[in-house]
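Let's take a walk through this structure together. Have a look at the picture first, and then we'll go through it piece by piece.

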Amino acid sequence: MTPESDAEETQPLVRRPDGSAARGRRVFLAAFAAALGPLSFGFALGYSSPAIPSLRRAASPALRLSDSAASWFGAIVTLGAAAGGVLGGWLVDRAGRKLSLLLCSVPFVTGFAVITAAQNVWMLLGGRLLTGLACGVASLVAPVYISEIAYPAVRGLLGSCVQLMVVTGILLAYLAGWVVEWRWLAVLGCVAPTLMLLLMCNMPETPRFLLTQHKRQEAMEALQFLWGSEQGWEEPHMEVEQQDFQLALLRYPGIYKPFIIGISLMAFQQLSGVNAIMFYAETIFEEAKFKDSSLASVTVGVIQVLFTAVAALIMDRAGRRLLLVLSGVVMVFSMSAFGTYFKLTQGGPSNSSHADLLAPISAKPVDVNVGLAWLAVGSMCLFIAGDPQALRNFLARLRLLYLQCPFHSILCP
């Protein structure tokens with residue numbers, strides 16, 4: 001990314017005549033309200049980890065998860081998220097950023113409510129599918145809303161908070177699952193989206209979206225609410241037009257190069273298996289014969305939050321490329337160590353990915369296995385620490401560049 005494009009990226013959509021930006025405090029409240037979407041997203045991702053062992057021990061046979069049902073319970077949220085991403089892309093430009101966030105709170109609450117009232121496995125899977133749909137919408141709309149309401153001095157900070165809220169939601173799910181069963185955990189999952197719904201009702205639409213709808217007066221009022229109550233705002237001389245993507249645009253290097261790089265990086269990051277670890281953390285640690293799998297999962301969650309915060313702080317200084325290379329090396333090393341652990345502890349030829357969670361875990365030291373259990377925890381913590389947070393920021397900056405400057409003048413010279 002060139003210095004010229006960075007300079008354009010930091011230009012606010014609407015600014016004061018003297019070029020300075022008002023330091024309104026309400027922009028932080030609006031950003032927090034929108035960030036409750038990623039928080040709910042993270043809670044939904046982390047929910048399956050403590051819920052699966054609990055459901056495997058459910059008293060009712062209709063609710064007790066088999067091996068295949070447990071796998072679907074964790075993974076089906078990604079199917080909903082895929083559909084939610086498509087739906088969110090359609091909603092964000094037609095219904096607006098604010099209304100899209102309000103609407104995504106409905107499947108969040110509905111999904112967790114269905115799980116809470118579940119009488120059979122199908123209701124559990126249906127609830128997870130609904131929360132996945134909401135995750136897809138929230139993961140797309142929340143960063144757009146925050147980037148469009150923030151003034152340049154805090155745009156990077158608030159943008160980094162999106163991923164931090166996701167991993168915080170995962171950690172909260174692990175912590176709550178340590179002390180409550182799956183039904184009450186689902187009840188807690190309704191709290192963040194409900195709070196987002198209440199707060200967002202009192203927040204304005206983004207000034208940029210209002211300008212694209214030719215509602216300049218409403219955009220000015222939204223800006224004064226967010227940035228401050230001072231008068232004298234003026235619209236800069238820039239064309240605010242939405243250009244539809246066409247396949248013919250892929251012939252431009254400025255289009256297909258970042259497109260291929262972004263898609264490839266995201267695909268490799270997903271294929272690294274980080275989502276599987278988030279979904280089945282407790283199951284993995286129980287199979288690794290770790291005595292307190294809940295504690296191990298919380299440890300992984302804490303590590304993820306800490307390193308996400310560190311990555312956000314050092315990203316601009318260290319650079320995205322360096323962090324991506326380092327994260328790849330760390331993840332390869334940690335996965336190799338984790339695979340070595342299972343190779344050493346698997347006594348028989350069986351290498352099933354499903355553990356019998358109903359079987360009691362021995363509290364006695366089992367010579368080498370229990371001593372090596374910390375290798376499993378350590379390698380997982382190292383893997384999570386190396387999860388490429390720089391990748392998400394890189395893709396977010398590509399999106400932000402598209403939002404903040406004319407499409408053709410930067411990508412199609």
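Leaving aside residues up to four places away in sequence, Ser 297 touches Ser 49, Tyr 174, Ala 281, Glu 282 and Phe 285, where a contact means heavy atoms within 4.5 Å. You'll find Ser 297 in helix α14, which covers residues 293–318. Its relative accessibility is 1%, so Ser 297 counts as buried; the cut-offs are under 20% relative accessible area for buried, over 50% for exposed and partly exposed in between, using a 1.4 Å probe and protein chains only.

Before going on, keep in mind that this is a predicted model, in which local features need pLDDT of at least 70 and side-chain atom pairs count only at pLDDT 80 or more, while totals for chains, interfaces and linings use all residues. Residues are numbered from 1 along each chain as its sequence is written, and side-chain values use heavy atoms, leaving out hydrogens and water.

Now zoom out. The protein chain has 18 helices and zero strands; both are DSSP runs numbered from the N terminus, with helices being H or I of at least four residues and strands E of at least two. Of the 413 residues in the protein chain, 48% are buried. Take the contacts between residues at least 6 apart in sequence: 84% of them join residues at least 24 apart.

Next, pick out a pair of helices. Helix α4 (residues 97–116) packs against helix α7 (residues 182–189) at an angle of about 165°, and their axes are 8 Å apart. Those axes are lines fitted to C-alpha atoms over the stretch in contact, with angles from 0 to 180 degrees between N-to-C directions. So α4 and α7 are roughly antiparallel, a label for angles over 145 degrees. On the α4 side, the contact is made by Phe 112, Ile 115 and Thr 116, and on the α7 side by Trp 182, Arg 183, Ala 186, Val 187 and Gly 189.

Which residues of α7 are buried? They are Trp 182, Leu 185, Ala 186 and Gly 189. These cover an arc of only 100° around the axis, so they sit on the same side of α7; the arc is taken from the directions from the helix axis to the C-beta atoms. Among the elements covering them are α2 (26–56), α4, α5 (121–149), α6 (152–179) and α8 (191–200).

Last stop: His 214, in the loop between α9 (207–212) and α10 (216–227). Is His 214 buried or exposed? At 74% relative accessibility, His 214 counts as exposed. Its phi is near 60°, a positive value in a residue other than glycine.

Notes. Angles under 35 degrees count as roughly parallel, over 145 as roughly antiparallel, 65 to 115 as roughly perpendicular and the rest as oblique.
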